Amino acid sequence: MRQLLVFGERDDAEEVAETLGEWFAGLGVPRVVRETLAGEDDAEDAQWLVVLEGADEGSLAKIDELVERYDGWREAG
């Protein structure tokens, strides 16, 4: 199952991706990508996504706790 973890800051997204790569080594290090909205004039408002593939339902509570520490949120992708 693909999970999208959304953050306002690139540093937060990169740190979460690294942590998840350590916690779930079998899944590899998640990708960090920048999401810009169509027609977005101000690139500063772009969000940063951590794309996590293969996390099971049992690990989502732990992932949510980490994401919330960085003022982010999780969406199913």
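User: What makes up the accessible surface of the protein, and how much of it belongs to carbon and sulfur atoms?

Analyst: The accessible surface of the protein comes to about 4900 Å², and 43% of that belongs to carbon and sulfur atoms. Such areas come from the Shrake-Rupley method with a 1.4 Å probe, and for residues only the protein chains shown count as cover. Keep in mind that this is a predicted model: local features need pLDDT of at least 70 and side-chain atom pairs count only at pLDDT 80 or more, while totals for chains, interfaces and linings use all residues. Residues are numbered from 1 along each chain as its sequence is written, and side-chain values use heavy atoms, with hydrogens and water left out.

User: Why is W73 called partly exposed?

Analyst: Buried means under 20% relative accessible area, exposed means over 50%, and partly exposed is in between (1.4 Å probe, protein chains only). W73 has a relative accessible area of 39%, so partly exposed is the label. By that cut-off, 35% of the 77 residues of the protein count as buried.

User: How do you know which residues W73 is in contact with?

Analyst: Contact means heavy atoms within 4.5 Å. Leaving aside neighbours within four places in sequence, W73 meets that with L4, L5, V6, Q47 and V67. L4 is 69 residues away along the chain, yet the C-alpha atoms of W73 and L4 are separated by 8.3 Å.

User: Which strand order does the open sheet have?

Analyst: The order is β2-β3-β1-β4, with antiparallel pairing. β2 and β4 (73–76) are the edge strands, since each pairs on one side only. Five bridges join β2 to β3, with V33 opposite L49. Six bridges join β1 to β3, where R2 stands opposite E53.

User: Why is β3 described as largely enclosed?

Analyst: Five of its seven residues are buried, so β3 is largely enclosed by the rest of the structure.

User: How do you know that the length of α1 is close to the expected one?

Analyst: The expected span of a helix is 1.5 Å times one less than its number of residues. α1 (residues 10–23) has 14 residues, for which 20 Å is expected, and α1 reaches 20 Å from its first C-alpha to its last.

User: What covers the buried residues of α1?

Analyst: A13, V16, A17, T19, L20 and G21 are buried in α1. Their cover includes β1 (2–7), β2 (31–35), β3 (47–53) and α2 (60–69). α1 lies across β1, β2 and β3, running at about 15° to β3; angles run from 0 to 180 degrees between N-to-C directions, with axes fitted to C-alpha atoms, for helices over the stretch in contact.

User: What makes a set of residues a nonpolar core?

Analyst: The set must be buried Ala, Val, Leu, Ile, Met, Phe, Trp, Tyr and Cys residues joined through side-chain atoms within 4.5 Å. The largest nonpolar core here has 16 residues, of which L5, F7, V16, L20, V50 and I63 touch the most other members. β1, α1, β3 and α2 each give two or more residues to this core.

Note on methods: Helix = DSSP H or I, 4+ residues; strand = E, 2+ residues; numbered from the N terminus. Pairing = 2+ DSSP bridges.
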